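Here is a short briefing, grouped by topic. Keep the structure open while you read.

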Amino acid sequence: MIKTIWNRIKQPIDPWLFLFTLLIFAVSAIVLFSASNRDLDKVMDKVTFMGISLGVMWFFANISQQTLMRLALPAYVVGVALLVAVALFGVTSHGATRWLNIGITRIQPSELMRIAMPLMLAWFFHHFETTLNWKHFVAAALLMVVPVGLILKQPDLGTSLLIASSGFYVLFLAGLSWRLLAVMGAAGGALAYTVTHWDLCINILQEYQCRRVATMLDPMQDPLGAGYHIIQGTIAIGSGGVLGKGWLNGTQTHLDFIPERTTDFIFAVFGEEFGLIGNGVLLVLYLLVIGRGLTIASRAPTLFGRLLAGAIALNFFTYAFVNMGMVSGILPVVGVPLPLISYGGTSMVSILATFGLLMSVGRDRKLMKG
Amino acid sequence: MARNELKNSLAERYAFQLRIVTAVLFVLALFGLLFARFVWLQVAQHDKYQTLAEANRISLVPVTPARGIIRDRNGVVLAHNFSAYTLEITPSKTADSLDETIARLSHIVDITGKDKRRFKKLMEETRDFESLPIRTRLSDEEVARFAANSYQFPGVEIKARLFRQYPFQEVASHLIGYIGRINDKDLESLDEDGQLANYRGTDHIGKLGVESSYETQLHGVTGFEEVEIDSGGRAVRTLRRTAPQPGKDLTLSIDIKLQDMVEKLFGERRGALVAIDPRDGGVLAFVSKPGFDPNLFVDGIDPDSWKELNESPDKPLLNRALRGEYPPGSTFKPFMAIAALEGNFPLTRQTIADPGYFIYGNNRFRDSHKGGYGSMNFDRSLPLSSDTYYYQLAVQMGIDYIAKFMATLDLGQLTGIDLPGERPGVLPSPEWKKKRFKTPAQQKWYSGETVSIGIGQGYNSYTPLQMAHGIATIANRGVMYRPHVVATVVDPASGKKTQIEPQPERTLPWKPENIERVVQGMVGVTQFGTGARTFAGAPYVAAGKTGTAQVFSLRGGKYNAKAVSERLRDHSWFVAFAPADKPTIALAVIVENGGFGAAAAAPIARQVLDYYLLGKLPAALTANASAVASAPAAAVQEDISD
């Protein structure tokens, strides 16, 4: 009896992905205890959220791929409709219109789009699998541009770029032409050149966005604001050395020099206390998660499963890279938390929801085999 | 066939694997880049950062700029700063529980129950690691006593701070506004504006009125000091200092003497007055009664005072001039008059029978002048405030024309004044009704509703600011200026003054002879019409219009001022400008539940014009404020209807 229940619980779970997640959770609890100045309440909060998100993961892992495919189009349509509703009657708060008032609370529809976008595009390519040609890529690009444009208009550059990248990954995996990729790479290089040169940047972006880039290049321009974050984050990581200063011994951390050290800048705390070795271990842990995701993708029996799993794994990589890049000073400061480690529940729940989707894809393979 | 498919699918699988491999390489390349960056920071540059971190006893301490001073048009100070000592607690750093710390503190300095309640409220609004004042304005003796005992109180500090003070207290409180402690919502908005760094070290931010709308100018730019600190976190010496740029001073177009006089004239009554210089839109007086003492808010208001302000039936926190939406009553008629002339409607050239009512469909619309005037025409309609005439005019003009015309006067629109939180009022139209209501029956525009629109009743409702703005537009012969309360921004460091340029909004294409005809009608009001008694003996020619806004529905019933309770009594309105040929002031005044327009509101308007044009302060003001208004009221009611 107990065995049956146990089997029912573990049946949809991918053991490897689950194990890697738990390892990262352990890192999270350890570093959060230090970053919060030994605040057990905060750590317990985080542990509670871990439990909740594992539940969410299990729930998503149980959904069959057929159901996921059926949900893709409605989820996307609802997501876009909500974004249009935001543009028309959204709640404006400090110049940004991101929220929708639904009576009891305010919701931010761009969050839903993070899952709906790869789901929709994966379903789209799957649906037209047999007749696939360049026109479908144009259509898919349009499906991507609409929500990304709406979010960009809110304005929310960071989120729109992350959602655009998740859509792009599906296009890439579905076989976007190499030549086009090369052109896009060149365009990306030109864009990077433009935004790093103030005179050019000001023509295409908002002034505050250009200021962020300029601050990244020369933190001393804004030593009290974003520049302060970069300077102190870099000092923390650099002073950690190869071995780190040891758990709870980071001077930058405990003398209050690192701002937002439990949330967006928690990686500075980690780098200071655990050094290059710790950073290497963390990179490996993230690589294991990404690698497991891509393995699930490459073994998936359907195009839908392949594309969805691949996009989820690569999107997870993007979050990790953007956060660590920003804290160590090679990317401008945008508000992206370190996945699974930063304090805060929402992002963790949505990441584990996507892990649930990965497991759902992985499980179907087993069923087909068995 | 089957073999082909299998082949295709195998080829596809192969293509996909190639993509995955590419993705893996991409991931490895970028993670490699990250790792290279870590090696650069943690190995190659380690010594440099190690030294920096060890010497990172260099802390950047923000130096808060002094907030700009607000003055009236004559240089009288309305908001300024003074320096005082406060006793502050950082809740997360106290040794024992907060209550115990406060209890022990109260043996050394005087801490009242009010202080404690205020502190509790502050704590709910902010986070634990912020330093919050438990006592402000310590005496020198208290400072000395605490300093001697400070070692017993970790997390408690004496700080010298600049405080905001509003010397006129209640006067112009809605206009000047106040500053309060920065809360989470303010932080969020500062973050969005990229202003967070500039507010490190600042505890207060403008919450209302000019303090809020000119926050950027008033605040200034934060400077910073590089301070060397020891391992305990204490400052040892200052290495480098970038001086802050103090906030800009503001000079308002308001005359505080006039403002004060009007507020005294209101006495205990509720209402609002807005006076504007029609030539440039500068606001001369901006009154909303009752007011409140803005000084209460500066360091967190205590719950008792807050409850009192918030729950008072007089709503002292409501800015009536900016946010109070009232039916304009007969003060709407001048707008109807110019609209009728500009549309060249036949009624403006006709004389009609005036039996004291107007029958439309099955409804009988009553004139407030019992029995009517027998006959009525355009030129007598304003001075005598004929309802019958404007009922018919409204039907002839039609609701669509009325709504379109009034919108050009900014009625039902935001005027764009430089104060936060303006309300648009309601300019009724079939489109508005469609948006406002849900069921088709409610959404339908009934032609009978157009009738009462003509006399400023029905769904019509406007703010006193909009009424003053509209009247100023007539006074300035159709040339509209956006109303503004700040006249100049002064840089205290250089003394450089920046004039806020008058902003011409638009020029309405009205025929000069039409405007003069309406002005003549409004002059008639103060010469022989409903406002004649109040304006008897004025040495200047004033144009005006009385108004009475119904609070209590009149339909069918008969209105008896004595029988209905005070709160249901009509609102008293008056709009005016003077001198009629070249106006330098235009105003709108409303006295809530004041009865007839001529009774309560007109006398206030007269006093304002007397002060502004003749420099005369009312003699009765110091003796008995309420007597000024109530004495003529009894007399007016007998022979004047409105």
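**Briefing**

Over residues 20–40 of chain B the chain is 100% helix and 0% strand, and the end C-alpha atoms lie 30 Å apart. Helices (H or I, at least four residues) and strands (E, at least two) are DSSP runs, numbered from the N terminus. This is a predicted model: local features need pLDDT of at least 70, side-chain atom pairs count only at pLDDT 80 or more, and totals for chains, interfaces and linings use all residues. Residues are numbered from 1 along each chain as its sequence is written, while chains are lettered from A and ligands numbered from 1 in the order in which they are written.

**Annotated segment, chain B**

- The unreviewed UniProt entry places the annotation "transmembrane region" on residues 20–40 of chain B.
- UniProt positions follow the numbering used here, feature names are shortened, and annotations may be inferred rather than shown by experiment.

**Strands of chain B**

- Strand β3 (residues 77–89) of chain B pairs antiparallel with strand β5 (residues 156–165) of chain B over ten bridges. Strands pair if DSSP finds at least two bridges between them.
- F82(B) has F163(B) in β5(B) as its bridge partner.
- β3(B) also runs antiparallel to β4(B), joined by three bridges. Here E88(B) has P133(B) as its bridge partner.
- Strand β2 (residues 70–71) of chain B pairs with β3(B) in the antiparallel sense over two bridges. I70(B) stands opposite A79(B).
- Five residues separate the strands in the hairpin of β2(B) and β3(B), where G75(B) takes a positive phi near 90°.

- L138(B) sits in the loop between β4 (132–135) and α5 (140–149) of chain B.
- L138(B) counts as partly exposed because 19 other C-beta atoms lie within 10 Å. The cut-offs are 20 or more such atoms within 10 Å for buried, 12 or fewer for exposed, and partly exposed in between, with C-beta atoms placed from the backbone.
- Leaving out residues up to four places away in sequence, L138(B) touches Y85(B), T86(B), L87(B), V109(B) and V143(B). Contact means C-beta atoms, placed from the backbone, within 7 Å.
- L138(B) and Y85(B) are 53 residues apart in sequence, yet 5.4 Å apart in space, C-alpha to C-alpha.

**Helix α7 of chain A**

- Helix α7 (residues 157–173) of chain A has 17 residues and reaches 24 Å from first C-alpha to last, close to the 24 Å expected at 1.5 Å a residue. The expected span is 1.5 Å times one less than the number of residues.
- α7(A) is mostly covered, with twelve of its 17 residues buried. Among them are L162(A), I163(A), F168(A) and Y169(A).
- G175(A) follows α7(A) and has a positive phi, near 110°.

Terms used: Contact = placed C-beta atoms within 7 Å.
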